[in-house]
Amino acid sequence: MAWLNSRRKAKAAPDLEGFLADLRRGAAGGWTEVDRQRDFRAVFEGASTAEQGKRVLWQILEWARLWRTSAVKGDAHQTYLHEGERNIGLKILVTLNA
């Protein structure tokens, strides 16, 4: 978590790209449904490793459709639903990056 250590030392603006790259590295690789369930349980029980936390956070941001379009051609209601999901993801990202 180089982005966090550099931020603590310098008290500078957070390095968003470094943060996201760190999350992507933690989430890389084959992650089965059993792995996902194990990691989520560990995180929410407070017994997780840093890598498990990164995988869980990356999965939540993926579910929030942060890196996909929200628009659904011809279906405004589905677009609004996706925008709501994305809004939650953005709030999580902003909070982590503050």
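## Gln 37

Gln 37 is partly exposed, with a relative accessible area of 36%. Partly exposed is the range between buried (under 20% relative accessible area) and exposed (over 50%), using a 1.4 Å probe and protein chains only. Gln 37 sits in helix H3. Helices here are DSSP runs of H or I with at least four residues, numbered from the N terminus. The C-alpha atoms of Gln 37 and Val 56 are separated by 9.5 Å, and the two residues are 19 apart along the chain.

## Model and confidence

This is a predicted model: local features need pLDDT of at least 70, side-chain atom pairs count only at pLDDT 80 or more, and totals for chains, interfaces and linings use all residues. Residues are numbered from 1 along each chain as its sequence is written, and side-chain values use heavy atoms, without hydrogens or water.

The mean pLDDT of the chain is 80. pLDDT is the predictor's confidence in each residue, from 0 to 100. A value of 70 or more is reached by 80% of the residues. Confidence is lowest in helix H1 (residues 2-10), at a mean of 50. It is highest in helix H5 (residues 76-97), at 91. Where pLDDT is low, the predicted coordinates should not be read in detail.

## Helix H3

H3 covers residues 33-45. At 1.5 Å a residue, its 13 residues should span 18 Å, and its end C-alpha atoms are 18 Å apart, which agrees. The expected span is 1.5 Å times one less than the number of residues.

Asp 35, Arg 36, Asp 39, Phe 40 and Ala 42 are buried in H3. They cover an arc of only 165° around the axis, which puts them on the same side of H3. The arc is taken from the directions between the helix axis and the C-beta atoms. On the other side of H3, Val 34, Phe 44 and Glu 45 are exposed. H4 is among what covers the buried residues of H3. Gly 46 follows H3, with a positive phi near 80°.

## Helix H4

The 14 residues of H4 should span 20 Å at 1.5 Å a residue; the end C-alpha atoms are 20 Å apart, which agrees. Buried residues of H4 include Gln 52, Lys 54, Arg 55 and Trp 58. After H4 comes Arg 65, with a positive phi near 60°.

## Nonpolar core

The largest nonpolar core has eight residues: Phe 19, Leu 20, Leu 23, Leu 57, Trp 58, Leu 61, Leu 66 and Leu 93. Helix H2 (16-27) and helix H4 (50-63) are the elements that give two or more residues to this core. Such a core is a set of buried Ala, Val, Leu, Ile, Met, Phe, Trp, Tyr and Cys residues joined through side-chain atoms within 4.5 Å.

How values were computed. Contact means heavy atoms within 4.5 Å.
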